[in-house]
Amino acid sequence: MPKECRRKSSKDPGPDRARSERRAAGKPSSSSSVCDELAQAAALVAPPPAMHALPVPQVTITPEGGGSAREILPEDLTQHPVDGLLSRKLSSSSLSSAGSVESEDDVLSDNETKSKGIVTLEHLLDTGEVKPWWKLKTYIRSPLNTIYRRKLNWVQLAGHKGNFKAADEGTILKKFSENEMQCFEKLRDDELRPFVPGYHGVVEKDGESFLQMTDLLVNFDHPNVMDCKMGVRTYLEEELVRARERPKPREDLYRKMVEVDEGGPTPEEHRQRGVTKPRYMQWRETMSSTNTLGFRIEGIKKHDGSCRTDFKKTRSKQDIIKVFKDFVGGDASIIKSYLHRLTEIRQTLNTSEFFKCHEVIGSSLLFIHDSTGKAQIWIIDFGKTTGLPEGQTLSHDVPWQEGNREDGYLWGLENLFHMLESISNEETGCFVTTESDL
Ligand SMILES: O=P(O)(O)O[C@H]1[C@H](O)[C@@H](OP(=O)(O)O)[C@H](OP(=O)(O)O)[C@@H](OP(=O)(O)O)[C@H]1O
Ligand SMILES: Nc1ncnc2c1ncn2[C@@H]1O[C@H](COP(=O)(O)OP(=O)(O)O)[C@@H](O)[C@H]1O
């Protein structure tokens, strides 16, 4: 897949390229136009079967995005990085929530590139309409615009910092990605439409392009949010090929690996102080439940404002069940609602034309519920979801082998479903939830 098909700001085509691509496609571009183990260096192996926030890292979402990762260039190296060989390992995502106006001074920032908590989004669009503050749930428009810039408190438990902006009420802006835009456009006519965020087109602001979409948290009151990244693989086959042909060990990924597991890098990688992207992603997959269950927990934000993103080593079924139970506060009815929604999603995925002919990599299921009992699950993040060549389809539930482009999405969904089902059964004593109950 070409570089422009990727979602992160650092890999995206950039505003100029994006603009000219849209121009070429005859699309409008005015600001009003509704216009991301332990592998030795060895061969690949198929995978086995209004916030009262507690202290969490705060960051300011800026148009520039997070810091860019420095790749170690071949000229930096004295030795060939990983002998051109790669093995299996794994990757992440993000979360959001409603909030209030803050002054510029209230906003903290840090140096990480990955978001892991409550963030403050800068408001980019202004319709000029002013509503009384008591009518505004998601954010408050301050009349003292010159003193306070409108900001939206949000929770982004994973994914890249700088990827989101606040927009008109009920919507958010995500940094433009050609790939994700194409997915949203195709999803408009697909059966999956009710399960993905509403797409409102591309918006250009201050020389940058964004995808405008519905803020899924807007109708929740102090929502609990969980991001589960789906699938057995979190990187594209092309990333593997590229790393094999031209390995670029990265120091930032090496550091992230060492932070979790000092023994993660091979002696060679320790010497280089760098690991390649697929190597890192495969390692992440193996450390977490991606390889063994086809999904993993990325982050959680609870109604009390507390956030957790330390799930890199959450791998066993028991640990995941514990996290889910804590997430729903032991409320069996929430689990039942989630099971119901998962059943609908599963049924729809089985008939969706879009799903049939796309490799779905790095996409997440966003679980949201609040104290009213409302519980929803949404399919988000299509930055690395890629169309297959004409006539090719995927089954999404067979093991991945390089070249078959399988993603293990349905296998993961099945495992996730059964895990929630087992919680439901436990929570309700001898009551057994079956599909006909849902
Ligand atoms: O979760 P951690 O361990 O921080 O690793 C991250 C996630 O896997 C990101 O995926 P996501 O955005 O889905 O969370 C991925 O971005 P891509 O999705 O672009 O692959 C990052 O790659 P780099 O951005 O290349 O560092 C990778 O460093
Ligand atoms: N439409 C949305 N409504 C509410 N929150 C969202 C929406 N889209 C994304 N998010 C939040 O932002 C996070 C990052 O989204 P994602 O699309 O995965 O970004 P990235 O491409 O940077 O990984 C998600 O985990 C979720 O919390």
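In which sense do strand S6 (residues 199-205) and S7 pair, and over how many bridges? The two run antiparallel, with five bridges between them. This is a predicted model, where local features need pLDDT of at least 70 and side-chain atom pairs count only at pLDDT 80 or more, while totals for chains, interfaces and linings use all residues. Residues are numbered from 1 along each chain as its sequence is written, chains are lettered from A and ligands numbered from 1 in the order in which they are written, and side-chain values use heavy atoms, with hydrogens and water left out.

**Strands around S7**
- Strands here are DSSP runs of E with at least two residues, and helices are runs of H or I with at least four, both numbered from the N terminus.
- Two strands pair if DSSP finds at least two bridges between them.
- S7 (residues 208-214) is mostly covered, with six of its seven residues buried (under 20% relative accessible area; exposed is over 50% and partly exposed in between, using a 1.4 Å probe and protein chains only).
- Strand S5 (residues 171-175) also runs antiparallel to S7, joined by five bridges.
- Met-213 in S7 faces Ile-172, and Leu-211 in S7 has Val-202 opposite.
- Two residues sit between the strands in the S6 and S7 hairpin, where Asp-206 takes a positive phi near 50°.

**Helix H8**
- H8 (residues 317-327) buries Ile-320, Ile-321, Val-323, Phe-324 and Phe-327.
- Those residues are on the same side of H8, because they cover an arc of only 160° around the axis (taken from the directions from the helix axis to the C-beta atoms).
- Gln-318 and Lys-322 are exposed on the face turned away from the buried side of H8.
- After H8 comes Gly-329, with a positive phi near 60°.

**Cysteines**
- There are zero disulfides (a disulfide being a pair of cysteine sulfur atoms within 2.5 Å).
- For Cys-357, the closest cysteine sulfur is that of Cys-183, 9.9 Å away, so it is too far for a bond.
- Cys-183 is buried at 1% relative accessibility, whereas Cys-357 is partly exposed at 29%.

**Asp-407**
- Asp-407 sits in the loop between strand S14 (384-387) and helix H11 (409-427).
- Asp-407 is buried without a salt bridge, and Arg-233, the nearest side chain of opposite charge, is 6.2 Å away.
- A salt bridge puts a side-chain nitrogen of Lys or Arg within 4 Å of a carboxyl oxygen of Asp or Glu; Lys and Arg count as positive, Asp and Glu as negative, and His and the chain ends are not counted.
- A polar atom of the Asp-407 side chain lies 2.8 Å from the backbone nitrogen of Val-360.
- The side chains of Asp-407 and His-396 make a polar contact of 2.8 Å (a pair of N or O atoms within 3.5 Å; within protein, one must be able to donate a hydrogen and the other to accept it, and residues adjacent in sequence count only if both atoms are side-chain atoms).
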